[in-house]
Amino acid sequence: MVEPTLAERAPAVEPTLAQRIADFAVTAAADGVPGEVTASVGQRVLDILGLCVAAHRLPTSAAIIDHVRDQGGRPQATVIGAVGRASAAHAALANGVLAHSLDYDDTHLPSVLHPSAAVVPAALAAAEHAGASGPRTVRAIAAGLEVAVRLGMAGYDRELGNSVYFEHGQHATSITGAMGGAVAAALIYGADADGVRHTLGLTASMAAGIIEANRTGGTVKRLHCGLAAQAAVTAAQLAARGFTGPPTVLEGRFGFFQAWLHGRFFPEEVTGGLGERWSVPDIFFKPYPANHFTHAAIDAGLALRARGVRPDDVEAITLAVPAAVIRTIGEPIEVKRNPDTGYQAQFSGPYAVVAGLLGGGGLGVGLDDFTDELARDPARRALTAKVALVPDARCDAIYPQQFPAIVTLRTSGGATLVEEVLANRGGPHRPLSDDELARKFGDNVAGRLTPQAADAVRRAAAALDTADDVTALLAPLSTFTTSS
């Protein structure tokens, strides 16, 4: 009888969460991803690039581009709307800031995070620097988005019905977006499974985001996805140069989940069906440039407008929503009824109903409907003064799988009209078509890209999975026709 060796007698060691993620990522990069995931990535790339162009209307966008120019460095990647290139990490910083600045980027539910605004800028900067092929870039973005979503869901407490990240005042978008972007960047730079794991281990020490600005003001939230994308690219480059991270970076005693979630996390959300069940196609696109909690209110306003309701007809409006969202879009009510800026209006339930009722650009309500001038418009304020927010049990039962709203409008003639919007436009139950996403992109780049350049970007995004590199996608975006 042959005695087993010491190694054979030793208990099997379970792979860590970071190892499981790394194995998934390199398999996706090597073997490809499902067709619906590939198509979804192309749509999200186009969406993010359009938002980066549109964000040039903001003073913070000029500020981040000026900052990046001051840093110097080797010209490795495109900063959208800026002549000349920056280092890959600084391009990711600038483009990540642009991508998230308008609150118009996609949202995963129920984790309530915006994965593409960090992952896509990180991946495109790395791809341009590395000369990566379109297929490698698409697969890397897909894996990065999936990881960001799963780490977000690991902090979603189904019993609580809310994200533990948010309960602790943390911005899950930038925290998990950095980790997803790191996976994408590592794959693009050619990392093996150990390299991806080390990149995660490094990025965890750079992932951050505090959402106090949502309560009391400030533009720092616009930086979050840029800092996440910059961290992702930087970590991937440092791991390639030999820096290493702990294998238990996620679940360890002093790891990611302990630091951010105080140890209350759900590992099955990370590993369950990993590589078999993809979350990417189910991430919600935003049809309107406002906080996602307001979208059903906009839809209800648009529906009332289609029924013939006009401003003079309005006696009173009740906006019924999940109780959990009132603190974001309804408190303090006098501020929400009287926003001073377009940015404040993006987080106002009363303004959302009125914007829909009056109608606007884009896919019904667009960027030009959230200007500072319109936020302070006396006619709009006269209508927002008539809007009351109340919690609703039916909406509570649906939230946060959807962000529903029920709008009841009483007319000056005594009629009562009700519009129920229980599923969000842009999600799996009410998806935006390719034509609608192209219209959103066209609205975002109007006045900055020529029609020829816009068409070139659209075609390049749709064909990214077969392209030799990302040149055709990014080259038309380095200069604009105007600075408006």
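This is a predicted model: local features need pLDDT of at least 70, side-chain atom pairs count only at pLDDT 80 or more; totals for chains, interfaces and linings use all residues.
Some overall numbers, then. The C-alpha trace of the chain spans about 95 × 55 × 40 Å along its principal axes. The chain holds 25 helices and eight strands. Of the 484 residues, buried ones make up 57%. If we take contacts between residues at least 6 apart in sequence, 79% of them join residues at least 24 apart.

Which strands form it, and in what order? Four strands make an open sheet, ordered E6-E5-E7-E8, and the pairing is mixed. Strand E6, residues 387-391, and strand E8 stand at the edges with a single partner strand each, so one side of each has no neighbour in the sheet. From one strand to the next, the twist averages 20 degrees.

Now to strand E7, residues 405-411. Is this strand mostly covered or mostly open? Mostly covered: five of its seven residues are buried. E7 pairs with strand E5, residues 314-321, in the antiparallel sense, over six bridges. One place to look is Thr-318, whose bridge partner in E7 is Thr-408.

E7 is also joined to strand E8, residues 416-421, by six bridges, and these two run antiparallel. Here Ile-406 stands opposite Glu-420 of E8, and Val-407 stands opposite Glu-419 of E8. E7 and E8 form a hairpin with four residues between the strands, and in this hairpin Gly-414 takes a positive phi near 95 degrees.

Next, the helices on this sheet. Helix H15 packs on the sheet and touches E5, E7 and E8, and its direction makes about 135 degrees with that of E8. Helix H19 lies across E5, E6 and E7 and runs at about 120 degrees to E5.

The two helices also pack on each other. H15, residues 295-306, and H19, residues 349-358, have axes 6 Å apart and meet at an angle of about 30 degrees. The crossing of H15 past H19 is right-handed. Which residues make the contact? From H15 they are Ala-297, Ile-298, Gly-301, Leu-302, Leu-304 and Arg-305, and from H19 they are Gly-349, Ala-352, Val-353, Gly-356, Leu-357 and Leu-358. By class, the residues of this contact divide into eight nonpolar, three polar and one charged.

Where is Pro-75? The residue sits in the loop between helix H4, residues 59-71, and strand E1, residues 77-78. Is Pro-75 buried or exposed? Its relative accessible area is 55%, and the cut-off for exposed is over 50%, so Pro-75 counts as exposed. Leaving out residues up to four places away in sequence, Pro-75 touches Arg-85 and Ala-86. Arg-85 is ten residues from Pro-75 along the chain, and their C-alpha atoms are separated by 4.6 Å.

That is the end of the talk.

Note on methods. Residues are numbered from 1 along each chain as its sequence is written. Side-chain values use heavy atoms; hydrogens and water are left out. Axes are lines fitted to C-alpha atoms, for helices over the stretch in contact, and angles run from 0 to 180 degrees between N-to-C directions. A crossing is left-handed if the near helix is turned anticlockwise from the far one by less than a right angle, and right-handed if clockwise. Contact means heavy atoms within 4.5 Å. Ala, Val, Leu, Ile, Met, Phe, Trp, Tyr, Cys and Pro count as nonpolar, Asp, Glu, Lys and Arg as charged, and the others, Gly among them, as polar. Buried means under 20% relative accessible area, exposed over 50%, partly exposed in between (1.4 Å probe, protein chains only). Two strands pair if DSSP finds at least two bridges between them.
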